Amino acid sequence: DNIKADENYSSHNVIDQYILAKLKYAINNIECAMNEYNTQIACNEISKFFEVLNNWYIRRSRLRFWKSEHDEDKIAAYNTLYSCLLTITRAMSPILPFISEEIHLGLLGYHKENSVHLANFPDIAHINDNADLVTVMDHVRDICSSALFIRNSKNVRVRQPLAALTIIVEQKGQLADYIELIKD
């Protein structure tokens, strides 16, 4: 009931802000590629965005989605995911018409007037770039990917806690706000 059906949604949660900033980056790149008639780059941007959405945002937010309370945090997680899916389907519809139509109608309801092909290309001017947040969070993602690679090479299961993990950064405290996210 409380899911917002528009692309103007924004949240105060850091991971929500991050995925919305990545969405803006992806939409800008898709639009530039489409203006150049370069569908390969546009498709790569779509793929990269869904990789981040699925393997970072949704995985990091799964406890927010699954908790039993219907609180503001849960609603914010759903609103962010919904806004991302609604917006990206509108951006990808010219080059992936059938799948974007199916996703879009699934989100809005199966009525002719809800066709993604009748919608405008997404206007993302209202989304904050959060360039600093994107840089830091991309660094956090790289750290987690590297740790996963090392775990796999040493046959250490993901669910098995590590005794220690050393992260070398340029400035002390640079990732202090993201330690729990890395531990997760």
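In which helix is Thr-89 found? Select Thr-89 in this predicted model; the residue is found in helix α3, which covers residues 72-92. Is Thr-89 buried or exposed? Thr-89 counts as buried because its relative accessibility is 0%, and the cut-off for burial is under 20%. Next, display the neighbours of Thr-89: leaving aside residues up to four places away in sequence, Thr-89 touches Ser-100, Ile-103, His-104 and Val-116.

**The whole chain**

The protein chain contains 6 helices and 0 strands, and the pattern read along the sequence is α-α-α-α-α-α. The C-alpha trace spans about 55 × 45 × 30 Å along its principal axes. Of the 184 residues in the protein chain, 37% are buried. Among contacts with a separation of 6 or more, 66% are between residues 24 or more positions apart.

Switch to a surface display. The protein chain exposes about 11800 Å², and carbon and sulfur atoms supply 52% of this area. Then select the charged side chains: 19 are positive and 24 are negative, and the centres of the two sets lie 10 Å apart.

**Helix α5**

Select residues 131-153, which form helix α5. This helix has 23 residues and reaches 33 Å from its first C-alpha to its last, close to the 33 Å expected at 1.5 Å a residue. Which residues of α5 are buried? They are Leu-133, Val-134, Met-137, Val-140, Ile-143, Ala-147 and Arg-151. Then move past the end of α5 to Asn-155, which follows the helix and has a positive phi, near 55°.

**Confidence**

Finally, colour the protein chain by pLDDT. The mean is 86, and 93% of the residues reach 70 or more. Where in the protein chain is confidence lowest, and where is it highest, as helices are compared? Helix α6 (residues 179-183) has the lowest mean, 82, whereas helix α1 (residues 14-35) has the highest, 94. Where pLDDT is low, the predicted coordinates should not be read in detail.

Definitions and conventions: Residues are numbered from 1 along each chain as its sequence is written. This is a predicted model: local features need pLDDT of at least 70, side-chain atom pairs count only at pLDDT 80 or more; totals for chains, interfaces and linings use all residues. Side-chain values use heavy atoms; hydrogens and water are left out. pLDDT is the predictor's confidence in each residue, from 0 to 100. Helices (H or I, at least four residues) and strands (E, at least two) are DSSP runs, numbered from the N terminus. Buried means under 20% relative accessible area, exposed over 50%, partly exposed in between (1.4 Å probe, protein chains only). Contact means heavy atoms within 4.5 Å. Accessible areas come from the Shrake-Rupley method with a 1.4 Å probe; for residues, only the protein chains shown count as cover. Lys and Arg count as positive and Asp and Glu as negative; His and the chain ends are not counted. The place of a charge is taken as NZ of Lys, CZ of Arg, CG of Asp or CD of Glu. The expected span of a helix is 1.5 Å times one less than its number of residues.
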